[in-house]
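Please look over the sequence and structure below.

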Amino acid sequence: MSLRGAAAIVGIAELPTQRTNPGRSSLGLIADVTREVIKDAHIRKEDIDGIVTEGDSTFPAMAVEYLGLQNIRFGSGTSMMGASGATAIAHAASAVTNGFANYVLVVMGFARNPAIVPPPEGDGGMGGELEQPYGPAAGANTGYAMMYVRHMAEYGTKPEQLARLAANQRFNAQENPNSAFQGQPITVEDVLNSRYVNYPIRLLECVMPCGGAAAAIVTTADRARASLNKPAYLLGAGFGVKAGAEWQMDNLTTTPVARSAPTAFAMSGYTPRDIEFAEFYDCYTILESLCLEDSGLVPKGEIGPFFESTDTTYKGEFPINTDGGQLSSGQPNLAGGFRHVIEGARQIMGKAGARQVARNDLCLVNG
Amino acid sequence: MTSEYAKPVPTAGINPEITQPFWDAAKRHELSVPYCSGCNRHFFYPREACPNCLSPDWSWSTVSGKARLYSWTTVFQPGDTRFSEETPYVYAMVQLDEGPRMIGNVIDVDANHYLSPDKVNTRLEAVFEDVTPEWTLVKWRPIEDEAKSGRDE
C-alpha cells in the first residue's frame, strides 16, 4: 500500500511570524490558527477527529485539552525537531488512509513570549559534557558552520554563491504579509557584509527566532474531492534521521534527505526533473543548500553554480521558498519548519496571491 | 591551575560513569578512548555499546594524541557569554589518527587566520589544560613540523 494520492491538504492557516507575541501563549496561538484553519477547510470543529503536533513542546493531549477537542481518534507527536511539520503531514495522511481518522488537524505554534519561560530543554545528550566546555556558538550555528566549512573544502563552494539564496528569498518575502522581514529587502552584498556570528556563518545566513503558528487539515482523497478548496494531494513521502550532534555524523556534507527524497520520489512516480518549485527547510543557507543537493534537484557539490545561474525567486525559472522561507520570514520554533508545507500547499491551492508561481502542479517540500 | 575558573566545566551527559575514565585519563594528560574488540575499532564518545557493531565488549585505549582538523567554526558570538572575552576563537571537530572524532578548541593560534576552508586537515596534537583541580580539558594545537605534509585526505 502506498500513500500516493490517498490523502490531501484541504485547508491551511498561518499567523504572522513576528519577533514576539506579548501577552500570548503558544497554546493560545495554536487556538487562533486552529480557528482559522477550520474556516479555511470549510469543516466544523466537531469534524476534527485526529491531531498531530510537534510533540516536543506541545503534546497532543495538551492541544486536545486547550482546544476542547472531543472526538479525537488519532493522535501523534512527531518529535522530529525541525522536520516535525513535514513529518506530521505524512503521519496525518497515514492516519486517514488507514481509517484511524477522517480529518486530522496538524498544528504547531510558538509564542516566544519572554514572560513565559519555557521548561529547560535537557536533551539528555552529551552536549553539556563534551561540547559546552569548549564554547560552541549560539543556537544551532555550530554544527551548520562545520558543515559549511566541509562543503567549501570539498566542493569549492563560495559564500557569495550561497548569499544569492538569502537575497532571493528576501525578495520573495516582500510579497508575504506574514513575514517578519516585509519591507526589508537585502542584496548579495548585504549578506556578505553582515557580521560573522561564527565563521563561516554570517548574520543574514541564519534564521531569526520568532513566534507564530501554522495549521493544516488533512483528509482522505474521497473527502478532498468534495472540498470547496482545490486540494493539495500528497503524492509521496519519505523520512530520514541523522545523529543529533553533527560531530557524530560520518559525513558532514550529506543530510538525511539523501534517504528521504528517493523514498518520496519512488512512491510518487515522479523524478527531480518533474518538480516545478520547492519549499525547503532553511535554518541556514548551508543546510538548505545541502538538502537541495541531496534531494536530487541539484547535483552533489554543484549548489554554488546552481545559485549563480538560476533565478529562484517566485518569478524565476525554479522558485524556491516562495514565501521567503524561515530565513526571510522568521523561525517560530518548530512551526518554522511547518511553514514549508503550508506554503507548498498554498501555492498548489492557488492561494499565494502576488507571489503565486506560474507552474504550481508539483512541489517538493523538505522539512 | 585555579579553582576560580569562570567557564563551564563538563556536566553529566548520558552516563557519567561510562565517560569518567576519559576524564581521569585527561587528568593524567593522556588521551584515552574506547576500543571495541567486537569490530576492532576505536570509537567516541564513550557509550555502553559500540556505535559501530553494538558490542558491549570494549576497553579503554590510550591513543597517540595526534589528529587532523576535520572542520571547525570560528566563534564571534558564543552561545555562552562566559566565552565572550576570548572571541574570536576556534571551536573544532578533530579526527584522531585512530579514527574517532571529538570536539575541542584549536589553541595557540590567531583565530583570524581560521577564516578560510584551507585550514581543513591541519595537523594537531592534544594539549591538556588543567582548568580546575577536578577537570582537565582536552584541546588541540597545530603541529608545526607536520604542517605541510598533513593534507593527506
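In this predicted model, three strands of chain B form an open antiparallel sheet in the order β2-β1-β3. Strands here are DSSP runs of E, at least two residues long, and are numbered from the N terminus. Two strands pair if DSSP finds at least two bridges between them.

**The sheet in chain B**
- The edge strands are β2 (41-42) and β3 (58-62) of chain B, and each pairs on one side only.
- Strand β1 (residues 32-36) of chain B runs antiparallel to β2(B), and two bridges join them.
- B:Y35 has B:H42 as its bridge partner in β2(B).

**Contact between chains A and B**
- Chain B puts 32 residues into the contact, and chain A puts in 29 residues. Two residues are in contact if their C-beta atoms, placed from the backbone, lie within 7 Å.
- On the side of chain B that touches chain A, two or more residues come from each of β4 (66-75), β5 (89-96) and β6 (101-106) of chain B.
- β4(B) gives the most to that side, with five residues.
- That side of chain B holds 20 nonpolar, ten polar and two charged residues. Ala, Val, Leu, Ile, Met, Phe, Trp, Tyr, Cys and Pro count as nonpolar, Asp, Glu, Lys and Arg as charged, and the others, Gly among them, as polar.

**Strand pairing across the chains**
- Strand β5 (residues 196-199) of chain A pairs with β4(B) in the antiparallel sense, over two bridges.
- A:N198 has B:V75 as its bridge partner in β4(B).

**Conventions**
- Residues are numbered from 1 along each chain as its sequence is written, and chains are lettered from A in the order in which they are written.
- Local features need pLDDT of at least 70, side-chain atom pairs count only at pLDDT 80 or more, and totals for chains, interfaces and linings use all residues.

Definitions and conventions
Helices (H or I, at least four residues) and strands (E, at least two) are DSSP runs, numbered from the N terminus.
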